[in-house]
Structures are given as C-alpha cells and as structure tokens.
There are 2 protein chains.
Amino acid sequence: MEDKAEIQEAIQIQGEVVRKLKSEKASKEQIDEEVSKLLQLKARIGGDDGKHQFVLKTAKGTRDYNPKQMAIREKVFNTITGCFKRHGAETIDTPVFELKETLTGKYGEDSKLIYDLKDQGGELLSLRYDLTVPFARYLAMNKITNIKRYHIAKVYRRDNPAMTRGRYREFYQCDFDIAGQYDGMIPDAECLKIVHEILSELDLGDFRIKVNDRRILDGMFAVCGVPDDKFRTICSTVDKLDKMPWEDVRKEMVTEKGLSEEAADRIGEYVSLQGGMELAERLLQDQRMSQSKQACAGLSDIKLLFSYLQLFQVTDKVVFDLSLARGLDYYTGIIYEAVLTQAGVALGSTEAQNGSGAEESVSVGSVAGGGRYDGLVGMFDPKGRKVPCVGVSIGIERIFSIMEQKAEASAQKVRTTEVQVMVASAQKNLLEERLKLLTELWNAGIKAEVMYKKNPKLLSQLQHCEDSGIPLVAILGEQELKDGVVKLRVVATREEVDMSRADLMDEIRRRTSEA
Amino acid sequence: MEDKAEIQEAIQIQGEVVRKLKSEKASKEQIDEEVSKLLQLKARIGGDDGKHQFVLKTAKGTRDYNPKQMAIREKVFNTITGCFKRHGAETIDTPVFELKETLTGKYGEDSKLIYDLKDQGGELLSLRYDLTVPFARYLAMNKITNIKRYHIAKVYRRDNPAMTRGRYREFYQCDFDIAGQYDGMIPDAECLKIVHEILSELDLGDFRIKVNDRRILDGMFAVCGVPDDKFRTICSTVDKLDKMPWEDVRKEMVTEKGLSEEAADRIGEYVSLQGGMELAERLLQDQRMSQSKQACAGLSDIKLLFSYLQLFQVTDKVVFDLSLARGLDYYTGIIYEAVLTQAGVALGSTEAQNGSGAEESVSVGSVAGGGRYDGLVGMFDPKGRKVPCVGVSIGIERIFSIMEQKAEASAQKVRTTEVQVMVASAQKNLLEERLKLLTELWNAGIKAEVMYKKNPKLLSQLQHCEDSGIPLVAILGEQELKDGVVKLRVVATREEVDMSRADLMDEIRRRTSEA
C-alpha cells in the first residue's frame, strides 16, 4: 500500500514541472512526456483496491444547509416575503441558466465571474449572475411595461469566496423591483421603505441606508474637471472609499489613473459630504455643482425622494452620501446601499482573528443595495423600447450568518421540525395500535410521528421528544386501550391526563396553537 | 438592408461546406478559407446598425414562471410541504452543482443527460441530476446515520424536452426520505402514505400506486432462466411494459436481447400479475418463485408492507404489480410509482392533437416514484458504511400542468397578490395624504398599495382593484380629511362607510380575515 500523502506531494511537484515547461515554451515532446508522468501519478492515487476514492465535499464556495440552518433561513425568508407581499408585489421565477448572450455586456468587468456551462451540443448557456438581468429579459420577452415583482433565488459568481463572512459562489438574492412609467421618485422611495422595514424587522442591530445618484456622480466628475473618458474608471476608484482612506483613493486617481491633482482635490471635497435634504439644497446652490444640468436633475430628485421618505417615516436611517458609487454598469439614476453599523463591526472582529485583513472587515456590513436602471430592458427589446425600473436586492447570506450566530449565542433551541405530538407506548407489541392512532392524527391534520421500532423503550421515545422539542406525547398501553382512552403527557411539565380519542385532537390543537 | 433569412440560409450552406471538407480531411488552408467565409457571413447577420441582435428566449427545455403560475406553484408547494411537515420531516438544501465525480457512476445509462459546467479552471462541476445522490453525499459527509428530511429544489437533465406534457430540462423535485436502521417496512409504508395524502389533497383525480421489489424482479429473472449478466438489460425491457404491449416486449427480449423463448414466456406469466397482499402470499407458495431466496425475502416484505398500509388506510390505491421495474441503478428493495389514471388520459389526448405519438401519451400519468436504496450512502463513505434509506420523489411539473389547466377552465380568478386595500383619492393634490395613510397601514402590517401617480383618476384606481382582486379601497378626500375619517369601499358590493382611522385597521382585518 503506497502512502497517499507522498503521492499527493509528488503530483504537486510534477504539476509545477509541467507548468514551468509550459511557461518556458518548451518543446511539445518534452511537455507531453512530463504530462504523461503526471497522469500516471494521478492514476496511482485513484486506485484503492480498484475502488474510486471520492472527495467528500461540496464545490468550492458552496455549502449545504443543515436542518437548523434551514429553520433560520425559512424564518428570514418569511419576514422578507411578508414585507414584499405587504407592498403588493407579485412573484416570478426564471431558469437558473440563461443563453450566454443574454448576460453578455451587462456586468462590465465582472463578466469574468460568470459560470458558463460546458458546450455539450446545443445552446451556449451561463448560470445567472443576478436576478436583475433575467428580470429585464423577462419583461422584454413578454412585452410587460409595468409590474411590481419579487424574486427570491440563487445566483452564481466565480468570485473569491470568503465563506466565514457570508460570501459564497452560490448565494441567494431577494429582489424587489418596480417597472413602469410613474411619477418621479415614488417607487424609488418605496424601495428604501422596504429595506428599512426588512432590516428593522429582522432585528440585526443599527443600520444606515446610503443614497446617491449616478447623475450627481457624473455631473460632479464633469465640474471637477475629469475628462469624459475617465468617468467610469474614476467612479470605480471612488467606490473604494468604504474600504480605504481618502489619501489612498486620491493617490490611485492621480498616479494610476492620471487625474490632475486639482481635479482630485475638488472630488475630495464633494465625496466627504453626507447629509439629508438640506445637503441636496445646498449643492443645488453650489457654484461649481450647479453648472451641471445632470447633477441638478439628480439633486432635485434626491430632494423629492427625501420628501417621500419623510412621509414613509424612514429618514432616521437614510443618508445622502456623495461617496457611494456602486459597481454595476446598468444603473442610470438613484443608487443606494444598506450597511449594518453594529453587526458589521462584530463580524469584522471575528474575521480579524481568523487572519483576514482589515481591508475586508470594514465592508462586511453591506446587506442590501439597488438603484434605478432605466436602460436595461431596452437592451433586450428589438426596437429598444425602454421600461423604467427601480429595485432593491437583499443580500441574504450575510444576514443568515448573523442570525446563525445569534441563534448559537441564544439559550433558546432552534426547532427543526414542527411535530406536535409523538405517539408512544410503554409496553411491547403495540406497534399496530400506535400506527392506528398515528393515522387518526395525520388524517386530522396533526403533525405527529412515531419511532420506527416494533418495541421501542419509553425512555428513548421521551428522549427523542426532548431532543427535538416535541411538546406532547400520546401514550398507549393495555390499560388505556381497554378503557378506550389515550394518556396525553406534556413533555415540559411531565403532567399526564387520560382522555377519550374524541377529545384528543382538540386538546392537542389547543395546547400547541401558540407554536 | 440585407435579407436576414437569406444570410441565415447562406450560413447553413457554408456550414455544410466546412463540415464536408473536415470529414474529407481536406487541407488546413482550404478549411481555414471556408471557415473565414462562414465567419464573415455570421458577422453580417450580427451587425444591425452595429447593434447586437438578441435572441429573446429562455434556454431550451426551460421556462419562466409568470405570477399566475407562481401563485399555483405556491399553493402546490404549500400542500406538499404541509404533508412533509405533518410527518415530522426536517429540510435541508444542497448546492445546485456538485463535483462531477460525486455524480459519476450513479445513474447508469442516464449519465449522458448530466449537464457539466465548463472547465474555467478549478474543480470539474456538474448540475445535480436528482436530489437523492446529493442527499446520500450529504449523509456520508456529515456522518449522519438517521434523519427524516424533505428537499424541494430544481434538478437538471439534458433530456428531450416535451414541455406541453410537463417534461422540462430544469424541473422541480419534491423529495422525502427516511434514512436509518429501523424495523422492516415501517418507513417504506410511510412513504406510500405520504404519496397517498399528497395526491388526494391536490385533488388531481383518481390514481394508483404500483409497488414491486427489486429482489422479486431479480429472483423472478433467476427462476425464469435469465442468465445473471442479462438481469439489468431484461429489467429495462420489462420497464417498457407501461408503454408497449407484452408482444413487443417479448420480441425485444428474444430477438434483441437474445433471451430464450421459454424464459421470456415464463417472465410473461409473472409480469401480468397484479394484486395485493394475497398475491404476495400466493407467490410465496409458487413452485418456481419460492426457489429464490431473494424473491421470498421481497415477497415477505410486500406482505408486511401491506399490513402497515392497511393500518395507514391507503390500500385502496396501492397495487402490487410485478411489471414495475424503474430505471435507476441504486434501488435495492421496494420500488413504487404513482400514476394518475384520469388526468393521464386527459393530458394524453391533448398531446395526441399536438401530433405526438400514442407511445408517449400513455405514460403521461406518472407523478411520483421512489424506493429503497440501502447501498448509495455507502458508495460515498470511505469505509463503505451503509445507511439504509427509503424515499419518494413527487414529480411536480406534471402536477403544475394539470393545476394550470384546471385554473384556466375554472371561472375563479387566480389572484397574484394578497393586497387587502388600495389607498385612493378622488381629488387632486392628495398624494402626500395617500402616502401618509399608506405608511400607517404598512406599519400596522396590512397589505396595501397606492398608484404611483400624483393625481390618478378614481376610476383607474378602482379598475386596478377589479383587475387584481383587491377587495377594499380606502378613499381620502378633502371632506374626509376635514372630518378626520376615511371612506372604506367594498369593491364587490360598492358599499361605502366612513370611519375613524383608529377603527380602519381593525375593520380591514375583519373584512379580509377569510382571505
């Protein structure tokens, strides 16, 4: 029997040899020879008594959800879905993969993170990268010009996973979008109201919702003297302000992106500004800013937005922040992002212990984002007909992480089933009687179970109830059968009452109705 | 402007030229030249004023779910999840893709239908083909030896889609499985009870659940004189009995598979048998069948199964059917399949109109299947430790199709939102007042919406309520504001009542509590 670790190491070394030869552009013969040695090594490790050795793991950046995690996930989804429904949204679903060309040209630099399917003959397909582009495709394809819809589904990004911080390659997005030609900023304000409601209801600690507008950013770049062709690249540098100090951002602008020092300093003044409606008013009077029509349009909309946010009673958490940029190409107007101000820090500090840098721990808190994208649907329409859209996406994985930590820390047990009663017996040979009662309970709509043993011990039946939080036990014995009754036991108090089968169902329902 | 169809045709012809040259192993130069012509043609069709021409469709064999379909889907899922929870199941989730090797060797011939992801560097991945193999991987990976879990998720098969009949390349499975070493046939019987409950509750018309056992099939083949190495292939021919008459099956066995006529005829006698517990008893006495230990073990288990099915009150729909084979490699004991006996026919006849053959329309009715697979988890365990499992999978797409047809046929409208009340106004300049009341309603947990217009017409607001089934309208006007009341209008009856805001919430809840 060969030592597996030794071969593994040999494979690694041989792999290096092959890579080196390739990088040195060695002769084909020479490379082929070394590759064949590598394959022989790999074959040796595969053969274990002829049995294939499985790697027991999930794909990189993905994870299973165990029952406890699913119980938490269900709770979070119920809160989010409840909010979306309260706001009158319908829901749709789209396939997990799209034609590759549907996704092409929508994500800018991030396109390299798209998962492609293997060409097995037929169409070229890619896994969806978000839910927004499939939504736009859906609208154009079905010629829908107005809809308010939510969509909760998994999306896929070949990103560098950081799973302890809730960053995965497969992750859920919970999207709410309003499509249609409406009076300005009412749907936009509703999206922020929704973020406010969900984050408050989930009770994740304090949060802020930063708001800005693509037109304000562009106008600001113009009046600060950024050349037109540098808007996008300077914008992506500004986007780093939540991760690095202004000095470093300024340096990148000047030395890497070739911006003049004066322009950079002018930007620096603006992006340090934060406020509310009064800041928008002030900037509308600002000598430089007011020269840009675009910026003024954005600033007026921010003012209008804040007036609706006041009616919606959410201005306590919303900040107009000129440093907010957001990466995606398709935004055309207002943009926003919600950050947890407390939990972010908490997560960050455990991260720091795990050795990951401060650079990452600061941005941990972002849990929702979105904006207005008035041009995306038009990209799919043969005649380019536009459908104005605004939406928000809740980044649920990070929220799961926090909820899981809270559940771990809390004394309260997370139940993974909803069983109301276990049908048990203290005596032997009563399997048939247990199954009969179980059937009656199921048929009456009661959640019930039984141990799959002919003669289980009463203690192990009670232990199972303790373990999985089942509150009641219906106990059958010779005497109960003779008397035509069932003994109902309350697990928590050990109280026991005999009752007729006719009364049993109602009593179980009564005692578990709060659950 | 060039004619697109003409270029398309030219592309096709040019494609043929290239393929022909390649097949004739023409010179590289010659092939390259023709390929370059082909690319030029393709470029011409792509260039429409420099704009890319999108194909507006979903990938082959997939579909979007619109809000109406989602409403039906949610209802079906609620019924199924409700049943799984009533039986005390937990739930888990696994990633949509697995390491390719996790799926290798589990599906026999069907492996060719697995979707692979493109090798973009890193691990080789495949989309899951079912939920059973990921479940077994999950158990082995986490060393779980007993669990009762359900899993509702999409699976992927590069099959020939037949979407009108509910056969897709992306489709939902609803799986319920019981893993663990338990006393014989109790979990197996519960799986059948679950199928019975779900199909009854969904009210899809009459159905039958066919039951057989892999060991009975293997024993039958042995005593009928089928050579050991032909068990699998003869089994897959038997599996076709629900699609073609015995004569054709016999012919395939004898002429294609080389089975002796006597053996085929002996099999023919057995596979025509259907019954219940008494058939199992008879076969246990059967001179030939009783020679097989395997068959006897299977028959005894069928007897035991039926005794539990009697207690579960489901024998009315369950048939012991020796012709039931089922394709998947991993089954080791009892197998079953549920067929709709009415809806199957109905769907079949619309199919026939669409030109698809009778061969397909007969098998339309299968909506659930499963069985015992005691060896699968051991395939993933490094030490081969077995975890006995039995489970059932509900084939939901076909059920959706039927429910959709029923909804179409029914006069009752399918609501796609749950909005209880619309906040409306008959007068101008009351947007702020509408948004204030809306906020109060949302904050009180009431599902409410408003039209996103500054001054919408009352008629269009009422029309929206009619269209989307919103039962109540809260109307604000100058007079109501002055009096501190709201006018609540019942859409169906046009009845209107003025009430204080304090009473409004309770009144809305009261009037929509049945919904």
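Me: How are H6(A) and H12(A) oriented to each other?
Reply: In this predicted model, the axes of helix H6 (residues 186-202) of chain A and helix H12 (residues 293-311) of chain A come within 9 Å and cross at roughly 50°. Angles under 35 degrees would count as roughly parallel and those of 65 to 115 as roughly perpendicular, with the rest between these ranges taken as oblique. H6(A) and H12(A) are therefore oblique.

Me: Which residues of H12(A) meet H6(A), and how many residues of the contact are charged?
Reply: From H6(A), the residues Ile186(A), Asp188(A), Ala189(A) and Leu192(A) meet Leu305(A), Tyr308(A) and Leu309(A) of H12(A). By class, the residues of this contact comprise 6 nonpolar and no polar, and the number that are charged is 1.

Me: Which hand does the crossing of H17(B) and H20(B) have?
Reply: Helix H17 (residues 431-443) of chain B and helix H20 (residues 501-511) of chain B have axes that come within 11 Å and cross at roughly 55°, and the two helices are therefore oblique to each other. The hand of their crossing is right-handed.

Me: How many nonpolar residues does the contact of H17(B) with H20(B) have?
Reply: On the H17(B) side, Glu433(B), Leu437(B), Glu440(B) and Leu441(B) take part, and they meet Arg501(B), Leu504(B), Met505(B) and Ile508(B) in H20(B). Sorted by class, this contact has 3 charged residues and no polar ones, while the number of nonpolar residues is 5.

Key. Residues are numbered from 1 along each chain as its sequence is written. Chains are lettered from A and ligands numbered from 1 in the order in which they are written. This is a predicted model: local features need pLDDT of at least 70, side-chain atom pairs count only at pLDDT 80 or more; totals for chains, interfaces and linings use all residues. Side-chain values use heavy atoms; hydrogens and water are left out. Axes are lines fitted to C-alpha atoms, for helices over the stretch in contact, and angles run from 0 to 180 degrees between N-to-C directions. Helices (H or I, at least four residues) and strands (E, at least two) are DSSP runs, numbered from the N terminus. Angles under 35 degrees count as roughly parallel, over 145 as roughly antiparallel, 65 to 115 as roughly perpendicular and the rest as oblique. Contact means heavy atoms within 4.5 Å. Ala, Val, Leu, Ile, Met, Phe, Trp, Tyr, Cys and Pro count as nonpolar, Asp, Glu, Lys and Arg as charged, and the others, Gly among them, as polar. A crossing is left-handed if the near helix is turned anticlockwise from the far one by less than a right angle, and right-handed if clockwise.
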